[in-house]
Amino acid sequence: MTDASEPTRKTQKPSPPFDRHMLEALICPQTQATLEYDAERQELISRAAGLAFPIRDGIPIMLLDEARSLDG
């Protein structure tokens with residue numbers, strides 16, 4: 001039984017894994033080039049466009065406004 005005065009802790013769930021088979025179906029929205037998967041940064045990389053698209057909760061965010069420039 002927990003004390004009502006204790007603050008509740010929120011546990012952060014780990015992100016679901018990215019389905020690498022989905023990578024075969026995805027292309028860069030700017031150049032239509034193939035993408036590379038960066039597992040460490042959880043991003044899809046478009047070398048042709050110089051952009052990195054984030055993957056959040058296992059879902060690739062393929063919006064140019066959400067992409068990070070690879071130039072710095």
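Which residues of strand β2 point one way, and which the other way? Glu 43 and Ile 45 share one side, while Leu 44 and Ser 46 face the other, and all are buried (under 20% relative accessible area with a 1.4 Å probe, protein chains only; exposed is over 50%, partly exposed in between).

## About the model

This is a predicted model, where local features need pLDDT of at least 70, side-chain atom pairs need pLDDT 80 or more, and totals for chains, interfaces and linings use all residues. Residues count from 1 along each chain as its sequence is written, and side-chain values use heavy atoms, leaving out hydrogens and water.

## Strands and hairpins

Strands here are DSSP runs of E with at least two residues, and helices are H or I runs of at least four, numbered from the N terminus. Two strands pair if DSSP finds at least two bridges between them. β1 and β2 are antiparallel over three bridges, with Asp 38 opposite Glu 43. Four residues separate these strands in a hairpin, and Gln 42 in the turn has a positive phi of about 55°.

β2 also runs antiparallel to β3, through four bridges. Here Glu 43 has Pro 54 as its bridge partner. In the turn of this second hairpin, Gly 50 has a positive phi of about 70°.

## The core

The largest nonpolar core has twelve residues, among them Phe 18, Tyr 37, Leu 44 and Ile 55. Strand β3 (residues 51-56) gives the most, with three. Such a core joins buried Ala, Val, Leu, Ile, Met, Phe, Trp, Tyr and Cys residues through side-chain atoms within 4.5 Å.

## An exposed loop residue

Glu 24 sits in the loop between α1 and β1. Glu 24 counts as exposed because its relative accessibility is 69%.
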